Amino acid sequence: MLSARSARLAVFASGNGSNFEALASAASRGELGGDLVAVLSDNPQAFALERARLHGIEALTPPTGRFRSRLEDETPWLDALRERRIDVVLLAGFMRRLHAPLLDAFARRMLNIHPSLLPAFPGLDAIGQAWRHGVRVTGCTVHLVEDALDAGPIVAQATVEVREDDTQESLEARMHAAEHRLYPAAVRRYLTEPFRLDGRRLVFGAEE
Ligand code: GRF
């Protein structure tokens with residue numbers, strides 16, 4: 001639990017933004033536990049930006065620099081967050097690795113959703129990885145972001161069964177539906193319930 005006042009949230013998204021949509025819908029119903037203030041994207045074409053405008057949420061594209069897999073300079077991104085007094089960053093399909101100074105400034109205050117039951121299948125194309133591996137159960141994970149790929153203490157997970165008659169496409173559709181249920185619920189819990197870290201374990205509940 002962060003503080004008594006309503007947390008100010010920003011989403012980082014690179015693409016379609018269906019998870020942003022789920023978060024924004026929950027916020028507009030008053031079910032997210034915080035206020036969604038801005039969407040930041042490294043991709044000016046991201047549909048997530050259009051979705052933000054439709055929700056009346058500020059849409060920003062800070063500079064990315066020369067590299068594809070990370071931000072050359074995180075300072076303008078951090079400045080944009082500070083100017084808007086953002087408390088928590090929610091990564092939702094953000095396709096670049098983050099480092100210091102952003103991760104230092106938002107340690108334990110940045111969440112990500114990944115479409116696998118971590119630590120299985122980190123990295124790109126997690127649904128395809130799980131599908132090709134032939135798993136019988138997969139799912140999605142919301143976790144705190146650390147300076148390691150798809151790692152960090154787990155806030156919430158949801159399972160998705162792989163059916164005998166599934167195709168990768170039908171599995172993907174159920175996975176995304178599961179993500180859209182899990183992420184808003186996990187954010188709400190993270191924002192509204194006290195928690196502590198016991199090693200890697202994120203434990204909800206007041207200290208005894
Ligand atoms: C989701 O599957 C999310 O778990 C992963 O990237 C995808 C983003 O989809 N990190 P969208 O842009 O939210 O529709």
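**Ground rules.** I count residues from 1 along each chain as its sequence is written, and side-chain values use heavy atoms, with hydrogens and water left out. As the model is predicted, local features need pLDDT of at least 70 and side-chain atom pairs pLDDT 80 or more, while totals for chains, interfaces and linings use all residues.

**Helix α1.** I took helices (H or I, at least four residues) and strands (E, at least two) as DSSP runs, numbered from the N terminus. In α1, residues 18-28, I found S18, N19, F20, A22, L23, A24 and A26 buried, meaning under 20% relative accessible area with a 1.4 Å probe, protein chains only. Their cover includes β1 (7-12), β2 (34-40) and α6 (168-192). Just past α1, G30 has a positive phi of about 75 degrees.

**Strand β6.** Next I looked up β6, residues 137-144: seven of its eight residues are buried, so the rest of the structure largely encloses it. Strands pair if DSSP finds at least two bridges between them. β6 runs antiparallel to β5 over four bridges, with L144 as the bridge partner of L111. β6 also pairs with β7 (154-161), antiparallel over seven bridges, and there C140 stands opposite A158.

**Cores.** A nonpolar core here is a set of buried Ala, Val, Leu, Ile, Met, Phe, Trp, Tyr and Cys residues joined through side-chain atoms within 4.5 Å. The largest has 45 residues, and L9, V11, L90, Y183 and V187 have the most contacts inside it. Its largest share, nine residues, comes from α6. Another core, of 22 residues, lies apart from it and includes W77 and L98.

Notes
Buried means under 20% relative accessible area, exposed over 50%, partly exposed in between (1.4 Å probe, protein chains only). Contact means heavy atoms within 4.5 Å.
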